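Thanks for making time this morning.

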Amino acid sequence: MDEEVCELCGRSSVDTTEHHLIPKQYGGTDGPVAQLCIPCHKQIHAIFTNEELAGFYHTLLRLQEHPTMEKYLKWIRKQAPGKKITIKKSNRKKGR
Ligand SMILES: [Zn+2]
Ligand SMILES: [Zn+2]
């Protein structure tokens, strides 16, 4: 069985990648990981800095409850698994 499910948006039959809930940079190398589809993974790293991920957004629930993520998740759940998704980089991270 090679059907993968994204732990964030819950879509199935997607390619998933490993997301370190605590970024490796902050000691999460051996920490918990989540299997995320590629758009979800990109979305997380577009919105949050590694510092924010390590400091607060290190559970799937907290990620899901962030207002921008909520909006994104509502939208992504309607997209077909095979569809190519482009994630725009968030302006918030500019200048860091
Ligand atoms: Zn997903
Ligand atoms: Zn990641």
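Predicted model: local features only at pLDDT ≥ 70, side-chain atom pairs only at ≥ 80, totals over all residues.

Let me begin with two helices, α1 and α4, which pack at an angle of about 160° with their axes 11 Å apart; the axes here are lines fitted to C-alpha atoms, for helices over the stretch in contact, and angles run from 0 to 180 degrees between N-to-C directions. α1 and α4 are therefore roughly antiparallel to each other, the convention being that angles under 35 degrees count as roughly parallel, over 145 as roughly antiparallel, 65 to 115 as roughly perpendicular and the rest as oblique. Their crossing is right-handed, a term used when the near helix is turned clockwise from the far one by less than a right angle, with anticlockwise giving left-handed. Helices (H or I, at least four residues) and strands (E, at least two) are DSSP runs, numbered from the N terminus.

Residues are numbered from 1 along each chain as its sequence is written, and chains are lettered from A and ligands numbered from 1 in the order in which they are written.

Which residues of the two helices meet? From α1 we have P39, C40, Q43 and I47, and from α4 they meet T68, M69, Y72 and I76, where contact requires C-beta atoms, placed from the backbone, to lie within 7 Å.

Staying with α1, its buried residues are P39, C40, Q43, I44 and I47, and because they cover an arc of only 135° around the axis, they sit on the same side of α1; that arc is taken over the directions from the helix axis to the C-beta atoms. Buried means that 20 or more other C-beta atoms lie within 10 Å of a residue's own, exposed means 12 or fewer, and partly exposed is in between. The buried residues of α1 pack against β1 (16-20), β2, α3 (60-65) and α4. I38, also in α1, is partly exposed, because it has 15 other C-beta atoms within 10 Å, and beyond four places in sequence I38 touches D15 and T17.

Next, the largest nonpolar core, which has 18 residues, and in which C6, L8, C9, L36, C37 and C40 touch the most other members. β2 (33-37), α1 (38-47), α2 (50-55) and α4 (67-76) each supply at least two residues of this core. Such a core is a set of buried Ala, Val, Leu, Ile, Met, Phe, Trp, Tyr and Cys residues joined through C-beta atoms within 7 Å. Leaving out residues up to four places away in sequence, C6 touches R11, V14, T16, Q35, L36, C37 and C40.

Finally, consider P23, in the loop between β1 and β2, which counts as buried because it has 20 C-beta neighbours inside 10 Å. P23 and N50 are 27 residues apart in sequence, yet 6.0 Å apart in space, C-alpha to C-alpha. Among the residues that P23 touches beyond four places in sequence are N50 and A54. A54, in helix α2, is in contact with I22, P23 and Y26 once its neighbours within four places are left aside.
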